[in-house]
Amino acid sequence: MTAQAETHGFQTEARQLLKLMIHSLYSNREIFLRELISNASDAIDKLRFRSIAEPDLVAAGEEFTITIRFDKDAKTVSVEDNGIGMTREESIEQLGTIAKSGTAEFLSQLTGDQQKDAHLIGQFGVGFYSAFIVADEVEVFTRAAGSGQGTRWVSGGEDDFTVEDADTGRGTRVVLHLREDALDFADSFRLRNLVRKYSDHIAVPVRMPKEASAEDDDDEAGGEAQSELETVNEAKALWTRSRSEVSDDEYKSFYRHISHDFDDPLAWSHNRVEGKLEYTSLLYLPKRAPFDLWNRETPRGLKLYVQRVFIMDDAEQFLPLYLRWVKGVVDSSELPLNISREILQEDQRVSRIRTALTKRVLSRLATMADKEPDDYQGFWDQFGEVLKEGAGEDFANREQLLKLYRFASTAGEDGARNVSLEQYAGRMVDGQDSIYYLVADTHANAAASPHLEAFRDKGIEVLLLSDRIDEWFMSHLSEFDGKSFQDVMRADLKMPGESKDESQEDEEKEDDDPLTGRIKGVLAERVEGVRKSNRLTDSPACLVLGQFAMGAQMRRIMEATGQEMPDSKPIFEYNAAHPLLQRLNDEADEDRFADLVMVLFEHASLAEGGGLTDVPAYVGRINRLLLELLSD
Ligand code: ADP
Ligand code: MG
């Protein structure tokens, strides 16, 4: 160690991640090369971008390249770039900590099951630390563009790392001292294959020493050949090629490069647009939702290039928020190279590209739903909930979105969310002009709701919703194909064949029923009203929401955000034909009558997934009733 050497501990999360990664990614070891090349290519992109404003940072005519070397005897593999490099402080900061938000939460999701964890870590993005899967010591020689001082960073990947001054060229060289079980990576054939597999279509050339021919035992010539380099990847940005020239495997490999995903993409859409607004886009739909899909702070968006020059990652202005999981590249020939995030936000051209890309994604999904329904179902199970956000965010594409939504339903297999509105409409019964739905906190509660009884009885399908955002979601759907949406828990429910007037009449009639009056007397302030039900067949009673009252789900969400919600009272509907109600009608003892009515009310509330407001009082009532039952 030199005088300037200092040792630092890794950030706690970084230390945890290092350990887990080495443990769980053994069978995916080879991705270290993809990650190091990706960092090298990022570093070159950054310098290329900076040199637009500061041309002196790069020598005239200098070519940007990535070089991979190996040494079987020394047991090393190195990846070198002439990109932006790091200062000493930057190497401490960037290689010693994980800047990603949500890291702690991510770590807490890991299970210890190697396969599951490998997948999660893949989604998280393993990055630089993947070097330690194959190396027991990693050295990084780096010098920042424009700086005269180089740095050597070294670590065994356990608790700490050491930095010291070092002589080195601009850019970064990562030297891996291979673990005994990873020596097979110090091999020309292996490395070339990996470069082609993962990094063929990055825009930067990746070079390796030329292979000495096998018979060539002339020492001198052999030495020469070792030092001569050749390009081993395609080195042409994939999206700039025409669609017909690019194979599926190439598209997949490029996806892995930009997404760091372990899996293949589900689908992609590659388009060049010419004319008034020129740009190329390559959009990928992943197979699985990222672990941080619901974290609104997570960076998201496309990689933005302007005339092939990388401008920025995570350009979120090119897609609406509900499509934040789409990965890809947009390359525009019209935006200025010095465009900033702030300007992107206001630029008319950007918003026109965004409109077009949104349509592209939706139409790709529509094609999938049509032609590859199994793939689409897989997609919906992963991303359906986030696509529902579009109902409230994207009115322009309302029609397309409605066709993409899928639901669980009383007519479908239990719990499967695979019914489209088109299918539903095709199964509507004579006289039905609404699409019926019910929202509950779980699918099981939805499927068991008393509100469904009359619908089951009449063979009318009801959509069952139980995602966290469903009440909000349904409130944004106004109609599909001329049919309105009707919440079956609402007071204004109208069954097919029933006119509005009829249900009105019903309400009035109920008022003079003596039983209705007696029940009202007990429930009093707890309810908005009491009436005889036409929606129950098996259950004795249920609670109905006022037409404009806030549902239980929305109420819980609002309360969770700390907002005070005004009380909204339900309407108590009872099933006059039910034996319990008939028994109740004959009950002369007013105390017992009150106990029974309260229990019916409380059970109806439980069936909605609501709670009991006064558990001891409830238990007291049940105990009294049991005692009377036993002593009768
Ligand atoms: P990510 O690439 O997702 O940011 P990594 O773990 O791969 O995460 O890298 C962490 C950081 O280390 C990078 O963001 C970058 O700042 C720095 N870094 C890594 N490799 C290089 C390199 N070859 N040149 C310059 N900086 C690098
Ligand atoms: Mg990286």
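User: Where does aspartate 481 lie, and what makes it exposed?
Analyst: Aspartate 481 lies in the loop between strand S19 (479-480) and strand S20 (483-487). This is a predicted model, and in it aspartate 481 has a relative accessible area of 56%. Exposed means over 50%, so aspartate 481 gets that label. Its phi is also positive, about 55°, although it is not a glycine.

User: Why is alanine 235 called partly exposed?
Analyst: Its relative accessible area is 22%. Buried would need under 20% and exposed over 50%, so alanine 235 falls in between. Alanine 235 sits in the loop between strand S9 (229-231) and helix H9 (248-259), and its phi is near 60°, a positive value in a residue other than glycine.

User: How do you know that arginine 241 and glutamate 234 form a salt bridge?
Analyst: The closest N and O atoms of the two are 3.9 Å apart. The cut-off is within 4 Å, so the pair counts. As for accessibility, arginine 241 is buried because its value is 7%, whereas glutamate 234 is partly exposed at 40%.

User: What makes lysine 303 and aspartate 313 a salt bridge?
Analyst: Their side chains meet at 2.8 Å, N to O, and the rule asks for within 4 Å, so the label holds. The pair links distant parts of the chain: lysine 303 is in strand S12 (residues 302-306) and aspartate 313 in strand S13 (residues 309-315), 10 residues apart. Lysine 303 counts as buried at 12% relative accessibility, while aspartate 313 is partly exposed at 28%.

User: Which elements does the salt bridge between aspartate 470 and lysine 388 link?
Analyst: Aspartate 470 and lysine 388 meet at 2.8 Å, N to O. Aspartate 470 belongs to helix H18 (residues 470-475) and lysine 388 to helix H12 (residues 373-388), 82 residues apart. Both residues are buried. By the same rule the count comes to 45 salt bridges, and Glu30, Asp184, Arg190 and Lys197 are linked in a network of them.

User: Why does arginine 406 have no salt bridge?
Analyst: The nearest side chain of opposite charge, glutamate 422, is 6.2 Å away. A polar atom of its side chain lies 3.5 Å from the backbone oxygen of leucine 404. Beyond its neighbours within four places in sequence, arginine 406 is in contact with residues including Tyr376, Trp380 and Arg417.

User: How do you know that S4 pairs with S7 and with S5?
Analyst: Pairing takes at least two bridges. Strand S4 (residues 135-143) has eight to strand S7 (residues 171-178), running antiparallel, and five to strand S5 (residues 150-155), again antiparallel. Both therefore pass. In S7, glycine 171 is the bridge partner of arginine 143, and in S5, tryptophan 153 stands opposite valine 140. S4 and S5 form a hairpin with six residues between them, and glycine 146 in the turn has a positive phi of about 85°.

User: What makes S21 and S22 edge strands?
Analyst: Strand S21 (529-532) and strand S22 (541-544) each pair on one side only. The open sheet runs S21-S23-S22, with mixed pairing. S21 pairs with strand S23 (residues 571-574) in the parallel sense over four bridges.

Definitions and conventions. Residues numbered from 1 in each chain as written. Chains lettered and ligands numbered in written order. Predicted model: local features only at pLDDT ≥ 70, side-chain atom pairs only at ≥ 80, totals over all residues. Heavy atoms only, no water. Helix = DSSP H or I, 4+ residues; strand = E, 2+ residues; numbered from the N terminus. Buried < 20%, exposed > 50% of the residue type's maximum accessible area, 1.4 Å probe, protein only. Lys, Arg positive; Asp, Glu negative; His and termini not counted. Polar contact = N/O pair within 3.5 Å; in protein donor to acceptor, adjacent residues only side chain to side chain. Contact = heavy atoms within 4.5 Å.
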